[in-house]
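Subject: Structure for you to look at

Dear colleague,

Here is the structure I said I would pass on. Please open it next to this message; my notes are below it.

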Amino acid sequence: MALYKLEDFAAQSDNTDFDNYDINNFDVYSDVDNDKIGTVKHILVDDSGRFRYLVVDTGFWFFGRQVLLPIGRSQIEYSNQRVYAKGLTREQVENLPDFNDLEKIDYDYEERVRGVYRTPVRQSSLETSTPVDAPPITSDRKSHAHDRNTYKYESEPNLYNMNEQDHQNLKLYEERLVANKSRVKTGEVAIGKHTETETAKVSVPVEKERVVIERTTPSADARNVSPTDADFREGEVTRVGIYEETPDIHKEAVLREEVKVKKVVEQDTVEAEETLRREELDINKDDKRFRDKKRI
């Protein structure tokens, strides 16, 4: 079965529970003599996402070496950022194969690791740890433990099972003030128009023609007319046209004013205060083995 580093597997998974197991750089101690072994570098999971191994950098015991610790042989304590390797001895670490690359891990490699951890271990010196003894290998279990085609991690629960006692994850919560904005309608402005009437007066000057007849009496000399000039015409009529101006008053619509309607945005700052709660860790410090160190 293929193995993956947890950070690589979680990046392609929607399971957010993986975020609760950030134990990289946790210090690793042996629960046999409480000696520091090294630090956790990676968690290895199988293709179903189940935890199988911790990759431990044994810089304190063997500089430059990284070895695998089955998850069932670990006791994770988040309160002081420690991992206790249950029953792990210096001799076992010496016998474990180096972890160099995931591509080099196969069934034979894991069998070499399991072979080291299958040996009986010494009882823990810590009161909070449970002695880990390798269970007797029955004929059925033995046949599965060494068959590369049928081997299952579940056949060795003492190496790969995670229990609530040894792998507790205490979640601390805090409240944060989140500021969001929502757009709400606070009013409405209606702009319309109506018609008003008024009486308007206008004065238009007009011209009218009238006939003025002036009659004059000639002088004495001008009264005598020769017979040839005297032209008596019966019914002679002179016509003169008379005109006058009449006012032409009517109404027409003209653009008096244009109104433009637009909106402008004014910015304002609103301040608010809330009381936020945060959970802090309470540790019983009577036991000198425990120390509180904030996670990075």
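Predicted model: local features only at pLDDT ≥ 70, side-chain atom pairs only at ≥ 80, totals over all residues.

Overall fold

The protein has six helices and seven strands. Read from the N terminus, the order of elements is β-α-β-β-β-β-β-β-α-α-α-α-α. Of its 296 residues, 29% count as buried. Among contacts with a separation of 6 or more, 66% are between residues 24 or more positions apart. The accessible surface is about 24,000 Å², and carbon and sulfur atoms account for 46% of that area.

Nonpolar core

The largest nonpolar core is made up of 40 residues. Ile23, Leu44, Tyr53, Leu54 and Leu68 have the most contacts inside this core. At least two core residues come from each of α1 (6–11), β3, β4 (51–57), β5 (66–70), β7 (82–85), α3 and α5.

Leucine 54 shows what such a position touches. Beyond its neighbours within four places in sequence, leucine 54 contacts Ile23, Val40, His42, Ile43, Val67, Leu68, Leu69, Ile71, Ser74 and Val83.

Threonine 39 lies in strand β3, which spans residues 36–46. With a relative accessibility of 17%, threonine 39 falls under the 20% limit and therefore counts as buried. Leaving out residues up to four places away in sequence, threonine 39 touches Asn25, Phe26, Asp27 and Val28, and also Val55, Val56 and Asp57.

Aromatic residues

Searching the whole structure gives seven aromatic pairs. In one of them, the ring centres of tyrosine 107 and tyrosine 151 are 6.2 Å apart and the planes stand at 65°, so this pair is edge-to-face. The two partners are 44 residues apart in the chain: tyrosine 107 is in helix α3 (residues 107–117), while tyrosine 151 is in the loop between α4 (139–145) and α5 (157–160). Both count as buried, tyrosine 107 at a relative accessible area of 16% and tyrosine 151 at 14%.

Tyrosine 153 and tyrosine 160 make another pair, with centres 4.7 Å apart and planes at 70°; because the angle is over 60 degrees, this pair is edge-to-face as well. Tyrosine 153 is buried at 6% relative accessibility, and tyrosine 160 is buried at 3%.

Which side chain makes a polar contact with tyrosine 153? Glutamate 110 does, through a side-chain contact of 2.8 Å. Glutamate 110 is placed in helix α3, and its relative accessible area of 5% makes this residue buried.

Charges over rings

The charged end of arginine 65 sits over the ring of phenylalanine 62, at 5.8 Å from the ring centre. For arginine 82, the ring is that of tyrosine 29, and the distance to the ring centre is 4.0 Å.

Regards

Terms used. Residues numbered from 1 in each chain as written. Heavy atoms only, no water. Phe/Tyr/Trp six-rings, centres within 6.5 Å; stacked < 30°, edge-to-face > 60°. Helix = DSSP H or I, 4+ residues; strand = E, 2+ residues; numbered from the N terminus. Buried < 20%, exposed > 50% of the residue type's maximum accessible area, 1.4 Å probe, protein only. Lys NZ or Arg CZ within 6 Å of the ring centre and 35° of its normal. Contact = heavy atoms within 4.5 Å. Core = buried A, V, L, I, M, F, W, Y, C linked by side-chain atoms within 4.5 Å. Areas by Shrake-Rupley, 256 points an atom, 1.4 Å probe, with all protein chains shown as cover. Polar contact = N/O pair within 3.5 Å; in protein donor to acceptor, adjacent residues only side chain to side chain.
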